[in-house]
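This briefing sets out the architecture of a protein assembly, chain by chain. Please consult the sequence and the structure shown below alongside the points that follow.

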Amino acid sequence: MSEPITRRKILVDYRIRAAICENCGRVYFPPKSFCDVEGRESKMRPTDYFYEKGTFLTGSVIRVPTNKFSYLKSYLSGIIHFQNDDLKVPSRITDYVPPSEEIDVSEFIGRAVVPRFRKTYENGASGLIYYSSLNFSFEDDYYPFQEYKLIKPSSKSENRDKPGIVGYGVYIPKFRIKNEAPGVPGVKERSLPFADEDTTTFAVEAGKRALIHSAIDCQWVKKCFVGSESAPYAVNPSMSTVSQVLELGEKYEGGFFSGGIDSQFACKAATDLFIDAAALVAYPTFGGEYVMVIGADNSQAARGDPLDYTVGAGGTAFIFGKRDVIATLDCYVPYTSDTPDFYRRDGEEYPKHGGRFTGIPAYFKHVGTAMKAALKMCNFTPKDIQYVVNHAPNAKFPYQVAVEAGFDREQIEPGLVVRYIGNLYSGSCPTALAAVLDIAEPGDKILMTSYGSGAGSDAYIFTVTEAIEKKRERSITVKEQIDNTHRQYVDYSTYRRWKEGE
Amino acid sequence: MKSIKKLKPLAAVVGAGRTKFGELWYDNPEELLAEAGIKAMGSVEHGLRRKDIQACYFGSFLYQVTNKLGLVPGYMARELGMNIPMSNTEAACGSGGSALYNACLGIRSGEYDVVLVGGFEKMTDRSGKIIDDLMLAGDPHEFDTGYTFAGLYASMMVRYIHDYAHGSDSRCREALALIACKNHHHAMGNEYAQFRRELTMDDVFKSPLVADPIRVLHCSPISDGAVALVVVSPEMAKKYTDTPIYIVGSQQATDDVSLCSRESITGIKATRLATENVLKETSMTMGDIHVAEAHDCFTIEEILFLEDSGFCKRGEGWKIVYDSYESFKGSKHIPYVNGDRELIVNAGGGLKADGHPVGATGVRQVYECFKQLRGEAGGSQVDNELNVALCHNIGGTGGIATVHILVRELQ
């Protein structure tokens with residue numbers, strides 16, 4: 001598919017865009033400029049089904065796929081019916097691995113499905129990667145349906161002068177691998193992508209959930225940052241895909257009045273930008289209400305490397321703003337030095353690291369320094385903080401550095417989600433922060449300290465507000481995703497195949 | 001035999017030729033078409049000179065993709081050594097039928113009296129890529145959701161079984177396998193057929209899965225081959241042969257390229273419309289048809305044809321197939337019986353066993369009927385006396401359908 005064809009398809013496929021005739025209600029996918037029945041009397045209006053729920057009408061397990069889909073081996077394709085508008089679209093059911101023997105596909109008929117933004121296929125290793133939302137998962141499986149319902153922002157805020165987090169969304173894939181290797185400090189199991197997922201799809205799903213949680217209008221998100229070290233393109237931002245799918249910013253001729261960048265600073269690529277996001281929404285000429293910051297990674301590790309037993313996959317998105325803030329950003333301390341403890345040269349597939357050098361002179365020095373400086377800046381002692389969240393390359397480092405700073409187990413444990421999902425690299429600290437926000441009470445203070453090799457740390461102190469309570473019903477908590485009974489375990493060879501395409 | 005009222009012919013077939021279908025490694029597609037064309041011209045009883053041919057209508061789907069060649073008229077001008085008007089029709093698996101439809105229009109308009117109609121395809125040269133290539137006849141969104149053609153028809157089959165066999169009547173699944181068995185049985189006497197071996201239901205159910213519930217032996221094969229017809233105006237028919245086969249109905253209908261966007265997933269609207277129109281054009285009913293060529297690209301489509309054509313009611317096609325097969329006592333052609341109606345479908349093996357070089361298929365169907373109505377079908381000849389035949393050719397999953405009715409005796 002050429003680049004111009006791809007662009008035209010993006011406009012339809014990313015949102016399942018259709019056209020509805022306002023006179024007779026008939027819906028057309030892909031969209032068309034007139035209604036077959038109404039003809040010149042047609043009154044067509046664009047519509048989309050990105051946030052809708054459909055039902056499985058019929059389908060088939062494809063055992064002999066086209067070459068483009070051979071990477072999936074076998075899978076379920078089907079026809080989805082959006083009943084409200086009587087629209088049918090083709091689909092692929094994702095996160096589903098058919099058994100090798102024949103199945104009765106009719107058993108799926110009538111099951112509710114939710115659109116998912118996934119890869120369709122790649123044009124070879126050097127060509128374009130194609131995405132679409134014509135992929136669905138069963139609503140009663142791992143991925144629930146959530147309505148995107150806007151709530152008018154409050155006109156005044158007690159914390160109007162203090163920006164912070166307005167909402168967040170966490171996306172952890174359905175699939176897991178159990179850690180059976182000895183010597184992995186505290187990581188019991190880890191998330192991994194399905195074969196059609198990558199960092200960009202994680203970012204979109206996390207961002208989608210953040211919009212739903214915040215209940216804000218996507219057109220007022222004027223900037224989006226995607227922090228990652230596993231972006232699928234070396235050049236071509238994930239951020240523009242996220243903005244196109246989630247329609248961030250005011251629409252104009254197929255594009256949006258919004259901006260942003262992909263950022264890279266090992267595992268702190270996203271957290272570094274929290275302060276920038278907060279600063280932007282407070283800046284008088286910014287002209288937008290919100291900034292989205294996403295940390296997402298399909299954390300890379302060479303086969304057999306010690307990292308191969310800690311890496312996870314997923315991402316978390318935060319929306320920063322000034323109204324209906326659920327946690328104010330009260331303190332920021334960055335600390336940076338040129339410490340080459342972990343790196344990946346351009347063109348190399350996997351990162352390298354300095355072994356034990358990644359510990360005391362790298363992680364502990366930077367995290368410890370930043371978190372202590374933040375406490376000092378606010379004249380806090382560990383007792384003033386309810387939760388402490390640190391970047392988690394494993395379960396030992398974040399625990400140890402917190403203990404050394406004077407924190408106790410109750411303050412540390414809620415953020416140690418690395419045990420169940422692994423190290424999400426750029427998504428690690430954001431996801432741990434989300435896990436703590438899931439349970440925090442108004443007034444609680446959270447100290448979060450990220451770490452990015454190379455090396456630097458950002459320490460932030462947040463104060464949770466009353467607004468958090470009303471938004472809880474719209475969140476899918478980290479614990480719910482960790483404990484989800486539909487999560488599915490795979491073996492090591494499947495893990496490597498899906499994660500790295502091996 | 002029922003008597004039918006005097007019919008007004010649109011055109012007449014006076015000669016027909018074809019190649020064997022199958023893996024034809026040593027032939028270029030244009031050579032296959034030339035071979036079929038020369039055979040067709042040579043078969044005209046009273047002789048036909050090349051200069052008599054005023055125009056050519058070809059049908060091919062994947063010529064440019066499979067063999068990296070374009071401009072079919074130019075290649076065929078070279079092969080046939082002629083400089084007359086030529087056109088190539090692409091309508092996926094319906095290319096051949098559409099080429100004949102266009103040829104009939106050319107004759108009906110009065111512009112031409114003698115034309116050559118050819119259908120061809122060369123698919124085995126792309127064995128590793130043909131599944132992708134065939135999806136050119138689908139909506140790109142179907143391709144991008146991982147669909148294959150087998151998968152699309154399997155989706156129709158799943159819904160059909162669910163809606164009309166309540167998902168649990170095993171006889172419906174058996175009927176879908178028996179169609180393959182019947183068509184292989186019919187092909188036993190067809191010297192040109194790709195497969196000349198009997199199948200059992202067990203063979204079908206033990207064949208590898210392609211797209212649940214479709215297995216390899218529910219599918220028509222990947223084939224090479226070409227077929228040609230000499231089609232003339234009715235007035236000229238007797239000049240070329242004493243036994244012309246008249247085309248008395250020629251209709252085409254279209255529908256949305258995407259299966260999802262159609263009115264029904266368990267029926268082909270284009271088939272229904274084209275058949276309704278051709279029966280109206282000829283003042284016939286399906287009860288007047290003695291033998292039919294149905295587009296059995298997958299066995300489910302043969303059942304849909306029985307229903308879309310009006311041979312039986314919606315949802316009853318599978319029962320007709322099952323009961324007809326079970327009650328059959330003879331040894332040759334297995335007719336479908338619905339009350340007092342009896343119809344032999346795919347007497348030479350259909351797409352399933354004769355083969356399915358997609359652009360050739362619609363023309364091959366007419367070739368088969370031409371031979372059957374003239375009593376020249378050799379080992380595949382139906383024992384009954386035949387006078388009326390129907391050819392049903394569709395493209396994609398029903399984006400286009402052409403239906404022709406042929407008769408031997410006009411009254």
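This is a predicted model: local features need pLDDT of at least 70, side-chain atom pairs count only at pLDDT 80 or more; totals for chains, interfaces and linings use all residues.

How far apart do the C-alpha centres of domain 1 of chain A and domain 2 of chain A lie? The two centres are 31 Å apart.

**Chain A: overall form**
- Chain A contains 12 helices and 24 strands.
- A compact globule of 502 residues would have a radius of gyration near 23 Å, and chain A agrees with this because its own value is 23 Å.
- Along the principal axes, the C-alpha atoms of chain A fill a box of roughly 70 × 55 × 40 Å.
- Buried residues account for 53% of the 502 residues of chain A.
- Of the contacts in chain A with a separation of 6 or more, 73% join residues 24 or more positions apart.

**Chain A: domains**
- Chain A is divided into domain 1, residues 3-138, and domain 2, residues 164-500.
- Domain 1 of chain A gives 13 residues to the contact between them, and domain 2 of chain A gives 14 residues.
- On the side of domain 1 of chain A that touches domain 2 of chain A, the elements giving two or more residues are helix 1 (3-13), strand 7 (112-122) and strand 8 (129-138) of chain A.
- That side of domain 1 of chain A has 8 nonpolar, 2 polar and 3 charged residues.

**Chain A: the sheet of 9 strands**
- An open sheet of chain A is formed by 9 strands in the order 15-12-16-17-9-18-23-22-21, with mixed pairing.
- Strand 15 (259-263) and strand 21 (387-390) of chain A are its edge strands, each pairing on one side only.
- From one strand to the next, the twist of this sheet averages 20 degrees.
- Strand 22 (residues 445-449) and strand 23 (residues 456-464) of chain A run antiparallel and are joined by 5 bridges; A:Thr449 stands opposite A:Ala459 in strand 23 of chain A.
- Helix 3 (residues 238-246) of chain A packs on the sheet and touches strand 12 (221-227), strand 15 and strand 16 (290-298) of chain A, its direction making about 140 degrees with that of strand 12 of chain A.
- Helix 5 (residues 359-377) of chain A also packs on the sheet, in contact with strand 18 (327-336), strand 21, strand 22 and strand 23 of chain A; the direction of helix 5 makes about 135 degrees with that of strand 18 of chain A.

**Chain B: overall form**
- Chain B contains 15 helices and 13 strands.
- For 411 residues, a compact globule would have a radius of gyration near 22 Å; the 19 Å of chain B agrees.
- The C-alpha atoms of chain B fill a box of roughly 60 × 50 × 40 Å along the principal axes.
- Of the 411 residues in chain B, 64% are buried.
- Residues 24 or more positions apart supply 78% of the contacts in chain B that have a separation of 6 or more.

**Chain B: the sheet of 11 strands**
- The 11 strands of an open sheet in chain B follow the order 3-2-4-7-1-8-13-12-9-11-10, and the pairing is mixed.
- Strand 3 (86-89) and strand 10 (336-338) of chain B stand at the edges with a single partner strand each, so one side of each has no neighbour in the sheet.
- The twist averages 25 degrees from one strand to the next.
- Strand 2 (residues 55-59) and strand 4 (residues 114-122) of chain B pair in the parallel sense over 5 bridges, and B:Tyr57 stands opposite B:Val117 in strand 4 of chain B.
- Helix 3 (residues 72-80) of chain B packs on the sheet, touching strand 2 and strand 3 of chain B, and its direction makes about 130 degrees with that of strand 3 of chain B.
- Helix 4 (residues 95-108) of chain B lies across several strands, including strand 1 (11-18), strand 2 and strand 13 (400-407) of chain B, and runs at about 155 degrees to strand 2 of chain B.

**Chain B: packing of helix 13**
- In helix 13 (residues 317-327) of chain B, the buried residues are B:Gly317, B:Trp318, B:Ile320, B:Val321, B:Tyr322 and B:Ser324.
- These buried residues pack against helix 7, helix 8 (170-186), helix 12 (299-308) and strand 10 of chain B.

**Contact between the chains**
- Chain B gives 29 residues to the contact and chain A gives 30 residues.
- Helix 5 (130-134), helix 6 (140-144), helix 7 (149-164) and strand 5 (209-211) of chain B are the elements that give two or more residues to the side of chain B that touches chain A.
- Helix 7 of chain B provides the largest share of that side, 7 residues.
- The side of chain B that touches chain A has 13 nonpolar, 9 polar and 7 charged residues.

How values were computed:
Residues are numbered from 1 along each chain as its sequence is written. Chains are lettered from A and ligands numbered from 1 in the order in which they are written. Two strands pair if DSSP finds at least two bridges between them. Helices (H or I, at least four residues) and strands (E, at least two) are DSSP runs, numbered from the N terminus. Axes are lines fitted to C-alpha atoms, for helices over the stretch in contact, and angles run from 0 to 180 degrees between N-to-C directions. Two residues are in contact if their C-beta atoms, placed from the backbone, lie within 7 Å. Ala, Val, Leu, Ile, Met, Phe, Trp, Tyr, Cys and Pro count as nonpolar, Asp, Glu, Lys and Arg as charged, and the others, Gly among them, as polar. The radius of gyration is taken over C-alpha atoms; the globule rule is 2.2 Å times the number of residues to the power 0.38. A residue is buried if 20 or more other C-beta atoms lie within 10 Å of its own, exposed if 12 or fewer, and partly exposed in between; C-beta atoms are placed from the backbone. Domain bounds come from an automatic or database domain assignment.
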